[in-house]
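Please open the model in your viewer and keep the selection tool at hand.

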Amino acid sequence: MQHLHACSNPTPEALYPFDARGIAKRFRHAAIFGALDALQVGETMRFCNDHDPLPLLAQLQQRYGAHLDIEYKQREPGAIVIDFKVVG
């Protein structure tokens, strides 16, 4: 069964999509951190993946703390979408 993935559908909001499904696992976390470090306050990265990245979320909490708002937009098996918004 193929899941409909929210990253496959463009949105009118000004979001920066980050599709982790196409990045080799050994490079994924470094690429995610680099993308988040490039965001300005108020900007959002829409992260898409095929599994729930719980260890990554713990690392993000440690690294960014209250400066990163994490909100699930889609949370289904095979279709995970999370908005990471940089806050002041």
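Select Asp83 together with its surroundings: leaving aside residues up to four places away in sequence, Asp83 touches Leu15, Thr44, Met45, Arg46, Asp69, Ile70, Glu71 and Lys73, where contact means heavy atoms within 4.5 Å. The model is a predicted one, in which local features need pLDDT of at least 70 and side-chain atom pairs count only at pLDDT 80 or more, while totals for chains, interfaces and linings use all residues. Residues are numbered from 1 along each chain as its sequence is written, and side-chain values use heavy atoms, with hydrogens and water left out.

Staying on Asp83, note that this residue is found in strand S4, strands being DSSP runs of E with at least two residues and helices runs of H or I with at least four, numbered from the N terminus. Is Asp83 buried or exposed? With a relative accessible area of 8%, Asp83 is buried, since buried means under 20% relative accessible area, exposed over 50% and partly exposed in between, for a 1.4 Å probe and protein chains only. Now display the side chain of Arg46, with which the side chain of Asp83 makes a polar contact at 2.7 Å; such a contact is a pair of N or O atoms within 3.5 Å, and within protein one must be able to donate a hydrogen and the other to accept it, with residues adjacent in sequence counting only if both atoms are side-chain atoms.

Next, select strands S3 and S4 (residues 79-86), which run antiparallel and are joined by eight bridges; two strands pair if DSSP finds at least two bridges between them. Within this pairing, Glu71 has Asp83 of S4 as its bridge partner.

Phe18 has Phe47 of S2 as its bridge partner. From S1 the chain passes through helix H1 (residues 25-38) to S2 in a right-handed β-α-β crossover, meaning that, with the strands pointing away from the viewer, the path from the first strand over the helix to the second runs clockwise.

Pro17, which lies in S1, is exposed at 66% relative accessible area, and its C-alpha atom is separated by 4.7 Å from that of Arg46, 29 residues apart along the chain. Asn49 in S2, by contrast, counts as buried at 2%, and its side chain reaches the backbone oxygen of His51 at 3.5 Å.

Finally, show the whole chain, which follows the pattern β-α-β-α-β-β along the sequence. Of its 88 residues, 32% count as buried.
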